[in-house]
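Visitor: Hi! Could you walk me through this protein in simple words?
Guide: Happy to. Let's look at the picture together.

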Amino acid sequence: MTEKGNILMQRYEMGKLLGKGSFAKVYHARCLKTSHSVAIKVIDKDKILKCGLMDQISREISVMKLVKHPNIVQLYEVMATKTKIYFVLEYVKGGELFKKVQRGRLKEDAARKYFQQLISAIDFCHSRGVYHRDLKPENLLLDESRNLKISDFGLSALPDCKRQDGLLHTSCGTPAYVAPEVISRKGYDGAKADIWACGVILYVLLAGYLPFQDKNLVDMYKKICRAELKWPSWFSSDIRKLLRCLLHPNPSARISIAKIMDHPWFRTGLDERLFDYAMNSTENIMPVDMNLALDYLNANTVEGNQAVEKLINLNAFDIISLSNGFDLSGIFEENSNKTETKFTSTNTVLTIITKLEEIATSLRLKVTKKGGGLLNMESSKPGRKGVMSIDAEVFHITPNFHLVEIKKTNGDTLEYQKVMKQGMRPALKDIVWAWQVPADGLQLELACLS
Ligand code: ADE
């Protein structure tokens with residue numbers, strides 16, 4: 001499926017491999033509808049399940065929905081099949097920042113610009129309670145205008161693959177960017193650990209090599225824990241002072257983001273617009289669950305729809321998990337005995353329920369609204385196996401996205417299938433977003449959901 005030229009879910013033409021990790025590969029791809037480039041991260045579900053890392057994937061989905069910032073790679077959409085999870089991401093054209101550093105250390109002004117963008121993104125995330133915890137070179141990309149983009153928020157705790165290419169790419173488990181308190185497993189403050197990593201990154205940008213290095217891992221740990229720093233001759237006294245504060249071994253004495261942003265070295269040539277974004281952006285200020293909770297409230301008050309009351313909130317990952325043993329292909333497909341059908345809709349609960357009621361009435365079915373997004377439809381005359389009864393239930397996924405489950409609860413299966421095929425399915429077409437995915441999977445449009 002991920003071979004070059006292959007079409008993924010009838011929507012993306014897969015391109016070349018951009019990067020590879022233990023659990024995931026990232027490919028260039030082109031959206032067939034818009035021709036826009038995207039990056040598709042293909043995660044191997046088997047490996048993730050075996051390592052018990054499903055929760056982290058779930059976290060990445062939630063976190064990436066939460067953080068929309070010009071210096072953070074955006075998650076557009078999540079899709080899944082039986083064996084794979086696909087993250088459709090903003091494509092960042094300019095490659096890794098650290099490939100650039102490998103070609104030679106940066107001048108102070110260039111390093112400062114990237115550091116300012118890094119801190120702007122980190123500040124934005126921290127203000128929303130999101131900590132990266134694994135900032136490292138592989139996660140810093142450059143776009144075509146040479147702006148920095150942080151990738152892999154939330155997946156950060158996934159151990160990445162080994163990198164073979166030396167200096168700046170560290171092997172799996174090498175703590176080159178890890179704060180002393182993380183190494184000593186004391187329990188740590190995510191914000192302070194991120195600030196330490198920013199300090200290491202700034203050092204690397206300016207020096208062209210890592211601040212704490214040793215062939216022997218134990219000796220490297222010691223250097224980190226003592227924050228044993230050596231200064232290249234070209235480091236100015238201002239930068240040395242700032243790095244000392246960033247790379248303070250005691251997290252409580254380490255500089256805060258607010259103080260970094262006040263530091264004279266940091267403020268030099270600062271594009272204040274960088275921080276306007278964080279100040280002005282209320283769009284993403286609430287955690288995802290909070291948004292759902294609010295929507296739940298709105299649905300009750302704005303639409304006055306009591307049916308919404310008992311709706312459950314599912315995130316994209318819950319939907320993925322809904323199907324047995326993560327057998328995602330089953331999720332929107334009619335099951336084998338075909339007494340159950342699911343579809344998704346971008347309409348409101350009220351519209352969905354009203355439409356179902358309207359169709360059922362036209363099919364001469366007796367309708368009972370049970371509240372909580374539940375509707376029952378019954379045939380007027382008993383058939384071979386008694387009265388045919390169908391339940392429809394609307395599940396709230398996000399403000400604009402609902403999952404509808406229709407299932408036979410009594411009566412003859414053939415009668416149910418006839419009603420569905422000839423009556424219900426064609427009449428629902430105006431409100432159905434997806435009945436059934438292409439043969440190999442399920443699509444969850446996160447971009448339009450959030
Ligand atoms: N490599 C990893 N993620 C990427 C992305 N979003 N764009 C380009 N290359 C990448």
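**A first look around**

Guide: Of the 450 residues of the protein chain, 52% count as buried. Buried means under 20% relative accessible area, exposed means over 50%, and partly exposed is in between (1.4 Å probe, protein chains only). This is a predicted model, where local features need pLDDT of at least 70 and side-chain atom pairs count only at pLDDT 80 or more, while totals for chains, interfaces and linings use all residues. Residues are numbered from 1 along each chain as its sequence is written, and side-chain values use heavy atoms, with hydrogens and water left out.

Visitor: How many helices and strands are there?
Guide: The protein chain has 16 helices and 14 strands. Helices (H or I, at least four residues) and strands (E, at least two) are DSSP runs, numbered from the N terminus.

Visitor: Which residue does the UniProt "binding site" annotation cover?
Guide: According to the unreviewed UniProt entry, that annotation covers K41. UniProt positions are given in the numbering used here, feature names are shortened, and annotations may be inferred rather than shown by experiment.

Visitor: Where is K41 found?
Guide: Look in strand β4, residues 37-44. K41 counts as buried because its relative accessibility is 5%.

Visitor: New topic: at what angle do helix α14 and helix α15 pack?
Guide: About 145°, with their axes 10 Å apart; α14 is residues 349-362 and α15 is residues 413-428. Axes are lines fitted to C-alpha atoms, for helices over the stretch in contact, and angles run from 0 to 180 degrees between N-to-C directions.

Visitor: And which residues make the contact?
Guide: From α14 there are K355, L356 and I359, and from α15 there are G423, M424, A427 and L428. Contact means heavy atoms within 4.5 Å. By class, the contact of α14 with α15 has 5 nonpolar, 1 polar and 1 charged residues. Ala, Val, Leu, Ile, Met, Phe, Trp, Tyr, Cys and Pro count as nonpolar, Asp, Glu, Lys and Arg as charged, and the others, Gly among them, as polar.

Visitor: What about S345, is that buried or exposed?
Guide: S345 is buried, since its relative accessible area is 0%. You'll find S345 in strand β9, residues 340-345.

Visitor: What does its side chain reach at 2.6 Å?
Guide: The side chain of S345 reaches the backbone oxygen of I431 at that distance, 2.6 Å. A polar atom of the S345 side chain also lies 3.0 Å from the backbone nitrogen of N347. These are polar contacts: pairs of N or O atoms within 3.5 Å; within protein, one must be able to donate a hydrogen and the other to accept it, and residues adjacent in sequence count only if both atoms are side-chain atoms.

Visitor: Which residue caps the N-terminal end of helix α7?
Guide: N216 does, with a side-chain oxygen 2.8 Å from the backbone nitrogen of V218; α7 covers residues 217-226. Just after α7, A227 takes a positive phi of about 50°.
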